[in-house]
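Dear colleague,

I am handing over the structure below, and after it I set out what was found in it. Please read the notes alongside the coordinates.

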Amino acid sequence: KALPGGSQKAAMIEESDGSKVVATVNGEEITDYDVRYYIYSEASAYASANSISEDQIGDYDWDQEVDGKKLSDTIREKAVADAIGEVITLQKGAANNITLDETTANQIATQISTLKSTYGEDGLALRARTMGVSSVKQYEKMYKKVMTLQSVQQDIDKNSDKYYPEDKSVLNDYKQDGKASVKHILIKTDSSSSGDENADAQPQEDKKAKAQGILDRIKNGEDFDALMKEFNEDTGETETGYTFTAGQMQPEFEAAAFALNLDEVSDLVETTYGYHIIKRIPGMYELQAYWENDKGAKIKKKDSKIAKISVKDVMSDVKAATDQLAAEQAAQKSSGSSSSSSK
């Protein structure tokens, strides 16, 4: 959930609005407040992948050594890379006339105003912190960024030739550890996890055989997308598939996806949902790395300032903000119950 604030030290930083520029991408600035949001995201993904509970994140040893390196250093590096990647994506979108349109900007302003009216300035600031954002001002900035990124992603999906290299195979050189885009075909076996009351009507052996038959057809040259459209039982998947990081999917699914090369199809992968046939596709993470490295983006990082951003402080404040919000909500609920019972 969040960033600075919560602790007295963090509150003082926010009051002075003392954000510091820690990197530039083609002249566009990235601040330490921006990086704190991405630290939250990366640390939360690590926590999810390693069964670290929300109650533990504040006191967790983020400076411990993992795979021969300080975990906090790894998280910071990934956070900075995430921030840089998104700035590059926005710049590529802007080059193709994809920016925040006036209608969306007005919708965001209205939403912010509504949230302030509902929770008050301090209440919204607290909720922003539980989402990894340091202030209301920063929340609005990140809100605009997320909405614009969605528009850029939609344009990439519709007009991929404007963004991808002519030979997409070069993107294999830019695969990211623990990050992937995939399409998959699911044959469900578990009605409790899938929400499909008919999922258990057919013997599991028959479902596996069905999935294997589809896989055989793919291996014999049939079009993956056509078979996905015909047989896929994952109702939440769009035609563009999923883009995810470690800890967001089931472990078996992730392990298989991360091991694939681009445009490679997995063998059958079994999870509690059923049988999956996974195809790894060129996606945003590979594109961002390609733009950054192959296309020579002018990136300057201030390593000494980046190193001063504490993963532990960020995640401690996440926990503090989450606890404070929970306490306030519990008090409001108790007060409401007392008022009702006294009538």
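**Helix packing and the main pocket**

In helix 2, Val 35, Tyr 38, Ile 39, Glu 42, Ala 43 and Tyr 46 meet Leu 71, Ile 75, Arg 76, Lys 78, Ala 79, Val 80, Asp 82, Ala 83 and Glu 86 of helix 3, where contact means heavy atoms within 4.5 Å, and where helices (H or I, at least four residues) and strands (E, at least two) are DSSP runs numbered from the N terminus. The residues of this contact divide into ten nonpolar, no polar and five charged; Ala, Val, Leu, Ile, Met, Phe, Trp, Tyr, Cys and Pro count as nonpolar, Asp, Glu, Lys and Arg as charged, and the others, Gly among them, as polar.

This is a predicted model, in which local features need pLDDT of at least 70 and side-chain atom pairs count only at pLDDT 80 or more, while totals for chains, interfaces and linings use all residues. Residues are numbered from 1 along each chain as its sequence is written, and side-chain values use heavy atoms, with hydrogens and water left out.

Helix 2 and helix 3 pack at an angle of about 125°, with their axes 8 Å apart; axes are lines fitted to C-alpha atoms, for helices over the stretch in contact, and angles run from 0 to 180 degrees between N-to-C directions. The two helices are therefore oblique to each other, given that angles under 35 degrees count as roughly parallel, over 145 as roughly antiparallel, 65 to 115 as roughly perpendicular and the rest as oblique. Their crossing is right-handed (left-handed if the near helix is turned anticlockwise from the far one by less than a right angle, right-handed if clockwise).

Helix 2 also packs with helix 5, at an angle of about 65° and with the axes 11 Å apart, so that these two are roughly perpendicular to each other, again in a right-handed crossing. Here Tyr 33, Asp 34, Tyr 37 and Tyr 38 in helix 2 meet Gln 138, Lys 141, Met 142 and Lys 145 in helix 5, a contact with four nonpolar, one polar and three charged residues.

Between helix 3 and helix 5, the axes come within 9 Å and cross at roughly 55°, in a left-handed crossing. Glu 86, Val 87, Thr 89, Leu 90 and Gly 93 in helix 3 meet Lys 145, Thr 148, Leu 149 and Val 152 in helix 5, and these residues divide into four nonpolar, three polar and two charged.

The largest pocket holds about 800 Å³ of space. On a 1 Å grid over the protein atoms alone, a pocket is an open set of points where a 1.4 Å probe fits, with protein on both sides within 12 Å along at least five of seven lines, and lining residues have an atom within 4 Å of a point; grid points are joined across faces, edges and corners, and a volume is the space filled by probe spheres set on the points. The lining has 25 residues, of which Tyr 37, Glu 86, Thr 245, Gln 248 and Tyr 285 lie nearest the centre of the pocket. Two or more lining residues come from each of helix 2 (32-49), helix 3 (71-95), helix 5 (136-158), strand 6 (242-245) and helix 10 (284-293), and helix 2 gives the most, with seven. By class, the lining has nine nonpolar, eleven polar and five charged residues.

With best wishes
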